[in-house]
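Student: I have a new protein model to look at, and I would like to learn how to read it. Could you walk me through it?

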Amino acid sequence: MKRALVLFYFLVFYAVMQLGWWGYLLVSYEPERRGMIIGEGIFFLLIFIWGAMRLKKLFSREHKQQQQQQNFLLSVTHELKSPLASVKLYIQTILKRDLDREQQKMFLTNSLKDIERLDDLVENVLLTTKLESRSFNLPKEDFNFTEVVNSVVDRLQKNACSSQVIKPELEENVVIHADKFAITNVVNNLVENAIKYSPPCASVLVQLRKNDFGKLQFSVADHGQGIPDEEKKNIFNKFYRVGNESTRKTKGTGLGLYIVKTVLQKHNASIKVKDNTPSGSIFEVTFDNYAS
């Protein structure tokens, strides 16, 4: 990338110098047309500089996308390898050692957690592929949204810290017309992110209610470090992850919030992120026409 930029700047410099030199020669040969030559030269120079700046911006964007895709592949490789190695170790231990029933149950439970991690990763990748297909339409149906949120909360509560508190405040029997699989993925990604970026064993508040305007709102609030204002507009981009890639400690692929935003757009719903008090973030989803 650096070599390409050096060559790019050299060509831009050479073209500007040539333009200036030919302009000087034309003015020397036809001094009576100096005004027209200088005016057209300046106009052409401005267009050339604008085009060069646009081209550089495209180069930088392409380089950034390539870097994000490379980081995504590395993250996926790690996310696949770690739970597979863990499951393999648990099963080998069960087979090779004479464990009591409680130890076997503990190992199998931990193996199940790792398999669920793999399942979530595969679902995210598959759903991303489907969402990017223009011919794909989300199959919608009526289902109990409250039960879906409760199910996700219960599963993630079991996989979290033993003293982790996921506090659900859910309106009972809320029925929505949507793609159950996609909406479940949205809930799972938001709650899982809240747990992932919160301090150890911190509380996460999950709410489902109707607001004063009759619209359905689903929100997830954590008490993590929060998201800087300058990064809030980028967190829903594909492959984007908050922070520096070289110092980041949290796991992930950068697909979760992209899936959330895309799925909600296809359901005529919106999402916004706000600062929590005293720290952390609140992701608030609003369904305008959740019953149709």
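Predicted model: local features only at pLDDT ≥ 70, side-chain atom pairs only at ≥ 80, totals over all residues.

Student: How many helices and strands does the protein chain have?

Tutor: There are seven helices and seven strands. Along the sequence their pattern reads α-α-α-β-α-β-β-α-β-β-α-α-β-β. Contacts tell you how the chain comes together: of those between residues at least 6 apart in sequence, 71% join residues at least 24 apart.

Student: Now the inside. Which residues have the most contacts inside the largest nonpolar core?

Tutor: The general idea is that in soluble globular proteins, nonpolar side chains tend to be buried together. In this chain, 36% of the 292 residues count as buried. The largest nonpolar core has 47 residues, and F145, V149, L190, V206, F218 and F283 have the most contacts inside it. Helix α5 (residues 180-196) gives the most to this core, with eight residues. For a close look, pick F218: beyond its neighbours up to four places away in sequence, F218 touches residues including F145, V149, V187, L190 and F283.

Student: Is α5 largely enclosed or left open, and why?

Tutor: Twelve of the 17 residues of α5 are buried, so the helix is largely enclosed by the rest of the structure. Among them are A182, I183, V186, V187, L190 and I195, and also the asparagines N185, N188, N189 and N193. To read a helix, remember that an α-helix has 3.6 residues a turn, so residues three or four places apart point the same way. As for its span, α5 reaches 24 Å from its first C-alpha to its last, close to the 24 Å expected.

Student: What lies at the start of α5?

Tutor: Look for D179, in the loop between β3 (175-178) and α5. A side-chain oxygen of D179 comes to within 3.0 Å of the backbone nitrogen of F181. With 6% relative accessibility, under the 20% cut-off, D179 counts as buried. D179 and K140 are 39 residues apart in sequence, yet their C-alpha atoms are 4.3 Å apart in space. Besides K140, the contacts of D179 outside its sequence neighbours include L138, P139, F143 and H267.

Student: Which residues of α7 are buried, and what do they pack against?

Tutor: Helix α7 (residues 256-266) is mostly covered, with eight of its eleven residues buried. These are G256, L257, Y258, I259, V260, T262, V263 and L264. They pack against α3 (101-131), α5, β6 (269-275) and β7. After α7 comes N268, with a positive phi near 55 degrees.

Student: Where is T286, and is it buried or exposed?

Tutor: T286 sits in strand β7 (residues 281-287). Its relative accessibility is 11%, so T286 counts as buried. Leaving out residues up to four places away in sequence, T286 touches K215, L216, Q217, A269 and S270.

Note on methods:
Residues numbered from 1 in each chain as written. Heavy atoms only, no water. Core = buried A, V, L, I, M, F, W, Y, C linked by side-chain atoms within 4.5 Å. Buried < 20%, exposed > 50% of the residue type's maximum accessible area, 1.4 Å probe, protein only. Helix = DSSP H or I, 4+ residues; strand = E, 2+ residues; numbered from the N terminus. Contact = heavy atoms within 4.5 Å. Expected span 1.5 Å × (residues − 1). Polar contact = N/O pair within 3.5 Å; in protein donor to acceptor, adjacent residues only side chain to side chain.
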